[in-house]
Amino acid sequence: MLTTVLPFLCILPPLAYGVIALGCARSYFGRRRPAPGHTPPISILKPVKGMDAGSFDNFASFCRQEYPAPWQIVFAVADPADPVIPVIKRLMGEFPSIDMELVVDATLHGPNHKVSNLINACPKAKHDLLIVCDSDIRVSPDYLREVAAPFADQQVGLVTSLYRSPGVRGAATAVEAMGFTVEMIPNVMVAMKLEGLSFALGASMAVCRQALEAIGGFPALADYLADDYQLGNKVHKAGWRLELSDCFVESVMHREDLVTVLSRQLRWSRTMRVSRPGGYLGSGITQSFPLACLALVLSGFSAAGWGAVLLLYLVRAAVAIAFSRCYVKDGIFPRWLWLLPLRDFLAFATWALSFAGNRVRWRGSLFRLLPGGKIVEI
């Protein structure tokens, strides 16, 4: 009797978590949304290093905004020989009506080179609503309207956006992209339901200048690897409210091999381990792959064990498809559903390996992670 029941008890945590996450997503995405109407002037700060997939089109999407108020784009580059500079100059030539500036400044203000770029660019920002957006991000024409709207409430200090990767190129990038759909977005939905939003997602962060100055500006982030998490958390602790935008942004990916993808996943995992140690450790009980294996082992690989694994992955597949088709709308599932067990195995592997070291590689530099999320460049 015990060997029949035990496998199903093993899979209960990830099974329940998946259903809870789906319920949280249904509640969030199904709510009534007010029409965006607040449109203050905006300064977009875009730190750039090197070329990304579709760099010109990514940048151009910020120039094609349907937005009535003035907005500007400030590009920040450290290296005067960076190959992205001709792309930015071409952009300026093709969109002469858009207020754009290019800041080339190699001054470092801390080990986080991206934040150093932001510090160098900030003096050029003309407006009090600032948007920080990664260089590989592409947005829809209503993006500025959507992210600016919540700031009609003066208690809102920061607005962040979920991200997705439609149109992935190959199995390796699909493995990474489905992580947004089956891990990151469900985790955000549950976190918002349980404790509210207390962090930001680096793909897109809009912050009012008053809230940014209250935490010490961008220099307060220069020693951290997870500058996005720290920005949101510091603004939250300073007494401002954080909001999640209804507008998805798109992370445009290169075709990459699995080793490169796993290296980036490990960096993210170690970053979250030191930023949210308690929550990150607890997330282990929601990992599907190790608990599926445990169910098989404890059942002696009996029919009950295999039945538990089958139940877990039938529910997991249904939840993944629901997120992908109904909420994220990224087209990942069901096409790449056959990779879901591999994704779960790799997610567990990077989770476990994150405890085995404190070194991360980021944009060609090697860093050592310190407790609390600070970094030292090696």
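Trainee: Which residues does Lys126 touch, not counting residues up to four places away in sequence?
Mentor: Bearing in mind that this is a predicted model, Lys126 touches Ser43, Gln72, Asp99, Glu101 and Arg209 once residues up to four places away in sequence are set aside.

Trainee: And where is Lys126 found?
Mentor: Lys126 is found in the loop between α5 (113–121) and β4 (129–133), and its C-alpha atom is separated by 31 Å from that of Ile375, which is 249 residues apart from Lys126 along the chain.

Trainee: You mentioned α5; how many of its residues are buried?
Mentor: In α5, 8 of the 9 residues are buried, so the helix is largely enclosed by the rest of the structure. The buried ones are Lys114, Val115, Ser116, Asn117, Leu118, Ile119, Asn120 and Ala121.

Trainee: What do those buried residues of α5 pack against?
Mentor: They pack against β1 (42–47), β2 (71–77), β3 (99–104), β4, α9 and β11 (359–362). As for α9 (residues 227–237), its own buried residues are Asp227, Tyr229, Gln230, Leu231, Gly232, Asn233 and Val235, and the helix is followed by Gly239, whose phi is positive, near 100°.

Trainee: Switching to charges, how many salt bridges does the structure hold?
Mentor: The structure holds 13 salt bridges. One of them is between the side chains of Asp246 and Arg31, at 2.6 Å from N to O. Asp246 lies in the loop between β9 (241–244) and β10 (249–251), while Arg31 lies in the loop between α2 and β1, so the pair ties together parts that are 215 residues apart in sequence.

Trainee: What about Arg90, which residue does it form a salt bridge with?
Mentor: Arg90 forms a salt bridge with Glu94, and the closest N and O atoms are 3.1 Å apart. The two residues are 4 residues apart in helix α4 (residues 85–94), which means that about one helical turn separates them. Arg90 is partly exposed, with a relative accessible area of 45%, and it also lies over the face of Phe56, at 3.7 Å from the ring centre.

Trainee: And Arg164, how far apart are the closest N and O atoms in its salt bridge with Glu250?
Mentor: For Arg164 and Glu250 the closest N and O atoms are 3.9 Å apart. Arg164 lies in strand β7 (residues 163–164) and Glu250 in strand β10, so this pair ties together parts that are 86 residues apart in sequence. Arg164 is buried, with a relative accessible area of 17%, whereas Glu250 is partly exposed, at 26%. There is also a network in which salt bridges that share partners join Lys114, Asp134 and Asp227.

Trainee: Let's move to the rings: how many aromatic pairs are there?
Mentor: The count comes to 15 aromatic pairs. In one of them, the rings of Tyr28 and Phe29 have their centres 5.0 Å apart and their planes at 80°, so the pair is edge-to-face. Phe29 also forms a stacked pair with Tyr327, with 5.2 Å centre to centre and 10° between the planes.

Trainee: Where do Phe29 and Tyr327 lie?
Mentor: Phe29 lies in helix α2 (residues 12–29) and Tyr327 in helix α13 (residues 303–328), so the pair ties together parts that are 298 residues apart in sequence. Both of these residues are buried.

Trainee: Which residues form the aromatic cluster with Phe29 and Tyr327?
Mentor: Along with those two, the cluster holds Tyr28, Phe248 and Phe323. Tyr28 is buried, with a relative accessible area of 11%, and the charged end of Arg31 sits over its ring, 4.1 Å from the centre.

Trainee: Last topic, the surface: which residues make the nonpolar surface patch?
Mentor: Val5, Leu9 and Leu12 make that patch, which covers about 250 Å². Leu9 is found in helix α1 (residues 2–10) and counts as partly exposed, at 48% relative accessibility.

Key: Residues are numbered from 1 along each chain as its sequence is written. This is a predicted model: local features need pLDDT of at least 70, side-chain atom pairs count only at pLDDT 80 or more; totals for chains, interfaces and linings use all residues. Side-chain values use heavy atoms; hydrogens and water are left out. Patches are made of residues with over 30% relative accessible area and no salt bridge: like charges are joined within 9 Å, nonpolar side chains (Val, Leu, Ile, Met, Phe, Trp, Tyr) within 5 Å. Accessible areas come from the Shrake-Rupley method with a 1.4 Å probe; for residues, only the protein chains shown count as cover. A salt bridge is a side-chain nitrogen of Lys or Arg within 4 Å of a carboxyl oxygen of Asp or Glu. Buried means under 20% relative accessible area, exposed over 50%, partly exposed in between (1.4 Å probe, protein chains only). Rings of Phe, Tyr and Trp (its six-membered ring) pair if their centres lie within 6.5 Å; planes under 30 degrees apart count as stacked, over 60 as edge-to-face and the rest as tilted. A charge sits over a ring if NZ of Lys or CZ of Arg is within 6 Å of the ring centre and within 35 degrees of the ring normal. Contact means heavy atoms within 4.5 Å.
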